[in-house]
Amino acid sequence: MKPTVYFSRTITPEKVLELYRLLGKELAGKVAVKVHSGEKGNQNFLQPSFWKPIIDYVGGTVVECNTAYEGERNTTEKHLRLFEEHGWTSQFPVELLDAEGPDVKLAIPNGKVIRENYVGKGIAHYDAMLVLSHFKGHPMGGYGGAIKQLSIGVASSYGKAYIHGAGEPGKIWTADHDLFLESMADAASSVVEYFKGNLVYVNVMKNMSVDCDCCAVAEDPCMGDIGVLVSDDPVAIDQACLDLVYASNDPGRDHLIERIESRHGVLTVEAAAALGYGSREYELKEV
């Protein structure tokens, strides 16, 4: 059977929770809720108040990891301070998975490019993961969605450099671009395996800039909001988002598509599907 992707054109916190409940998959045990904390100065990231109903419903702990580049999230001290400034810590329990070392090394025996993934040791505190993603463009990945959240998002600071460098952290910005994209697909597979499929994915197609929430100075959104998607398949949900962008008649879609195609963004989805932890074919159920 094709995986189901639930979709609504209504973008509200309540609708996110409604679609999650429609999916009917209860996350068992202690739940890590992966968010993007938003770089200081970024105007497009989704605020903690938007995510509050679903995070409260699952009783989860908001988790993030430090970055591998300069900014306000590349050290534990700065990142925790920014979490407070952005209003996360006043509403939820928060943990930086790689607040302190050593990292946990996850094996990727079938990886096409990399055979190991480095994540913060805090991952051991959790039995399940709710992956909350803001779907938009990305300066390197072409787009950012569920697969990027599973890979770069869950990786430790060192792990991010390892993925970007396609296994050579010293080549974080100079590695072959397509190998980087395939490395993201490899890394994401290890997180899916770690949680034994005990994951749910939410992609919100709102504030869609060509830039990521990791950019302190990001372009303003280039096209209108599209909707909320929920699935238990990370490949299907990202593919559905891409399909919705291509199907849109919004005049700004071409700018976003240019970003996606110029960075070969679909290669990450193709590589993930080839690894077998998701399907590019899906059933879209509009609510």
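Reader: Hi! Is R73 buried or exposed?

Author: R73 is buried, with a relative accessible area of 3%. Buried here means under 20% relative accessible area with a 1.4 Å probe and protein chains only, exposed means over 50%, and partly exposed is in between. This is a predicted model, where local features need pLDDT of at least 70, side-chain atom pairs count only at pLDDT 80 or more, and totals for chains, interfaces and linings use all residues. Residues are numbered from 1 along each chain as its sequence is written, and side-chain values use heavy atoms, leaving out hydrogens and water.

Reader: Thanks! Where is R73 found?

Author: Look in the loop between strand 3 (61-64) and helix 3 (76-85). Helices (H or I, at least four residues) and strands (E, at least two) are DSSP runs, numbered from the N terminus.

Reader: And what does R73 touch?

Author: Not counting residues up to four places away in sequence, R73 touches H36, S37, G38, E39, E64, N66, T67, H79, L82 and C214. Contact means heavy atoms within 4.5 Å. With E39 there is also a polar contact of 3.2 Å between the side chains. That term stands for a pair of N or O atoms within 3.5 Å; within protein, one must be able to donate a hydrogen and the other to accept it, and residues adjacent in sequence count only if both atoms are side-chain atoms.

Reader: New topic: how many strands form the sheet?

Author: The open sheet has 8 strands in the order 4-3-2-7-10-11-1-12, with mixed pairing. Two strands pair if DSSP finds at least two bridges between them. Strand 4 (94-96) and strand 12 (283-286) stand at the edges with a single partner strand each, so one side of each has no neighbour in the sheet.

Reader: Which strands does strand 7 pair with?

Author: Strand 7 pairs in the parallel sense with strand 2 (residues 31-34) over 4 bridges, and with strand 10, also parallel, over 6 bridges. V33 stands opposite L130, while L132 has V202 of strand 10 as its bridge partner.

Reader: Are the faces of strand 7 covered or uncovered?

Author: Both are covered: A128, L130, L132 and H134 are buried on one side, and M129, V131 and S133 on the other. In a regular strand, side chains alternate between the two faces of the sheet.

Reader: How do strand 10 and strand 11 run?

Author: They run antiparallel, with 5 bridges joining residues 199-205 of strand 10 to residues 227-231 of strand 11. One of the pairs is Y201 with S231.

Reader: OK, what about the largest nonpolar core?

Author: That core has 48 residues, and M129, M205 and L229 touch the most other members. A nonpolar core is a set of buried Ala, Val, Leu, Ile, Met, Phe, Trp, Tyr and Cys residues joined through side-chain atoms within 4.5 Å. Helix 7 gives the most to this core, with 8 residues. Leaving aside neighbours within four places in sequence, the contacts of L229 include V5, F7, M205, I237 and L284.
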